[in-house]
Amino acid sequence: MTQRALILFAHGARAESWAAPFERLRDLTQAREPGVRVQLAYLELMSPRLPDVVAALVADGIVDITVVPVFLGQGGHVLRDLPLMIDELRIAYPQAVLKVVEAAGENAAVLNALSDYCVGALS
């Protein structure tokens with residue numbers, strides 16, 4: 001049984017097509033980590049929302065949860081909204097260990113991969 005979860009946390013948008021790259025990222029990540037439940041959650045405009053995903057995971061007995069903000073930068077949503085949501089979830093689910101890592105776009109490896117892509121566009 002899966003004991004850990006990885007939540008890819010994205011902003012959300014009105015256009016359903018906006019979610020496609022995040023769904024591909026989820027599927028690629030799940031394929032690399034078959035023993036971890038990988039799920040998407042959205043801040044707004046789309047579902048599922050982060051509190052709903054955490055509630056479902058905890059209900060399934062998964063309490064080791066890592067949240068990856070799939071944002072390019074640490075704007076207001078990552079700096080203010082997400083910590084508030086995480087604080088509320090920690091109160092609601094004291095049995096869960098919720099870890100939040102830096103926004104994807106703040107990570108050196110991600111920035112280098114994006115730079116590689118940009119440089120490759122020149123050829």
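Strand β2 is mostly covered in this predicted model, with 5 of its 7 residues buried, where buried stands for under 20% relative accessible area, exposed for over 50% and partly exposed for values in between (1.4 Å probe, protein chains only). Residues are numbered from 1 along each chain as its sequence is written, and side-chain values use heavy atoms, with hydrogens and water left out. Because the model is predicted, local features need pLDDT of at least 70 and side-chain atom pairs count only at pLDDT 80 or more, whereas totals for chains, interfaces and linings use all residues.

Both of these strands belong to an open sheet of 4 strands, which are arranged in the order β2-β1-β3-β4 with parallel pairing. The edges are formed by β2 (36-42) and β4 (97-100), each of which pairs on one side only, and the twist from one strand to the next averages 25 degrees. Two strands are regarded as paired if DSSP finds at least two bridges between them. In general, the strands of a sheet pair through backbone hydrogen bonds, either parallel or antiparallel. Strands β1 and β2 run parallel and are joined by 7 bridges, and within this pairing Phe9 has Ala41 of β2 as its bridge partner. The parallel strands β3 and β4 are joined by 4 bridges, and the bridge partner of Ile65 in β4 is Leu98.

Helix α2 (residues 50-59) lies across β1, β2, β3 and β4 and runs at about 155 degrees to β2.

Ala19, found in the loop between β1 and α1, counts as buried because its relative accessibility is 2%. When neighbours within four places in sequence are left aside, Ala19 is in contact with Tyr42 and Met46. In the loop between β2 and α2, Leu45 has a positive phi of about 70 degrees although this residue is not a glycine, and Leu45 is partly exposed, with a relative accessible area of 45%. Pro48 is placed in that loop between β2 and α2 as well, and a cis peptide bond, with omega of about 10 degrees, joins Ser47 to Pro48.

Side chains of opposite charge can pair when their charged atoms come close. With a salt bridge taken as a side-chain nitrogen of Lys or Arg within 4 Å of a carboxyl oxygen of Asp or Glu, the count comes to 2 salt bridges. One of them is formed by the side chains of Arg37 and Asp60, at 2.8 Å from N to O, and this pair links distant parts of the chain, with Arg37 in strand β2 and Asp60 in the loop between α2 and β3, 23 residues apart. Arg37 is partly exposed at 27% relative accessibility, as is Asp60 at 40%. The side chains of Arg26 and Asp27 also meet in a salt bridge, at 3.0 Å from N to O; Arg26 counts as partly exposed at 25% relative accessibility, and Asp27 is partly exposed with a relative accessible area of 45%.

On the surface, Leu72, Leu111 and Leu114 form a nonpolar patch with about 290 Å² of accessible area together. Such patches are made of residues with over 30% relative accessible area and no salt bridge, nonpolar side chains (Val, Leu, Ile, Met, Phe, Trp, Tyr) being joined within 5 Å and like charges within 9 Å, and accessible areas come from the Shrake-Rupley method with a 1.4 Å probe, only the protein chains shown counting as cover for residues. Leu111 lies in helix α4 (residues 108-120) and is partly exposed, with a relative accessible area of 42%.

Definitions and conventions: Helices (H or I, at least four residues) and strands (E, at least two) are DSSP runs, numbered from the N terminus. Axes are lines fitted to C-alpha atoms, for helices over the stretch in contact, and angles run from 0 to 180 degrees between N-to-C directions. Contact means heavy atoms within 4.5 Å.
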